Amino acid sequence: MPIFSQEDLAVFTIPGFEERMQAIREGIHPKLKALGDEIVEPLAQKAGEPLFPHVAKHARRSVNPPEDTWVAFGPEKRGYKKYPYVGVAVSQFGVHTQVVAKQETWATDRPAMADRLDAKRPKMRLANFQDWKFETAPAEQEADDAFWDARLHKMRLKTGGLDMGRTLPASKSDPEPLLAEIDDFVTLYRILRGME
C-alpha cells in the first residue's frame, strides 16, 4: 500500500507559509517518520554502518513555504547535514529517492568525496536535483562522463554540493519499492563515505 497519495502531494501547492507548514507537519511528517523507522534497519545493513532517520524541520524558514520535505538517513544520531546521506523526499511532483552531500558537509571533505566518486563514476540513470527550481520533476539521464564532470565540478566548489536521485509517482511509494530504489544511492553513499 502506497505511503503517499496525490492529496499528500497537493499540500505543496498550498500558498500560505503557516497553512502549508501545518499541513506538512500534520500530514507528511508523520508518514516520513513512520517510513524512516520502517526502512532504517535494512538501509543500514546495505550501507554497512548504523544509520539514523531525520525528518526535515525547516527551522530556518519563516516566510517562504518549503517546496519539499524529506527524511534523511545519515550516520549521526544528532543530525545529518555534516555527512552525505540517502533520503526520501516528497514534493508536488512525486516521491524522490536521493543521495545528498550538502554544502555544510564537512567542507574540507567534499573534494575527497568528489575524488572517490570521480574514480568510480557508476553507470546508472540519475536526475540532478542540485539547484532544482521546482517547476517540474528533474529528468533522469544516463550518468555518462559529461554528467559526472558537471556534478563533480559543482561538488568541488566552496559553495557546492551534490544532490542526485530519481522521482517516483505517489502510487509507487510503498516501503519495498522505495527501498529497492534507494539501493543505487546506498552504493553512491558508500563511495562518498570511503567504504567502496
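Which helix holds Lys154? Lys154 is found in helix α4, residues 145-156. The views below come from a predicted model, in which local features need pLDDT of at least 70 and side-chain atom pairs count only at pLDDT 80 or more, while totals for chains, interfaces and linings use all residues. Residues are numbered from 1 along each chain as its sequence is written, and side-chain values use heavy atoms, with hydrogens and water left out.

View 1. Helices (H or I, at least four residues) and strands (E, at least two) are DSSP runs, numbered from the N terminus. Lys154 has a relative accessible area of 26% and is therefore partly exposed (buried means under 20%, exposed over 50%, partly exposed in between, with a 1.4 Å probe and protein chains only). Not counting residues up to four places away in sequence, Lys154 touches Gln130, Asp131, Gly160 and Gly161 (contact means heavy atoms within 4.5 Å). Gln130 lies 24 residues from Lys154 along the chain, and their C-alpha atoms are separated by 9.1 Å. The side chains of Lys154 and Asp131 are joined by a polar contact of 3.0 Å (a pair of N or O atoms within 3.5 Å; within protein, one must be able to donate a hydrogen and the other to accept it, and residues adjacent in sequence count only if both atoms are side-chain atoms).

**View 2. The buried residues of helix α3.** In α3, residues 110-120, the buried residues are Arg110, Met113, Ala114 and Leu117. They cover an arc of only 100 degrees around the axis, so they are on the same side of α3 (the arc is that of the directions from the helix axis to the C-beta atoms). Their cover includes α4, β7 (162-168) and α5 (175-192). Just after α3, Arg121 takes a positive phi of about 40 degrees.

**View 3. The packing of α3 and α4.** The two helices pack at an angle of about 165 degrees, with their axes 8 Å apart (axes are lines fitted to C-alpha atoms, for helices over the stretch in contact, and angles run from 0 to 180 degrees between N-to-C directions). The contact is made by residues including Met113 and Leu117 of α3 and Trp148 and Leu152 of α4.

**View 4. Thr97 in strand β4.** Strand β4, residues 94-101, is the place of Thr97. Thr97 is buried because its relative accessible area is 0%. Among the residues that Thr97 touches, not counting those up to four places away in sequence, are Val88, Met164, Leu178 and Phe185.
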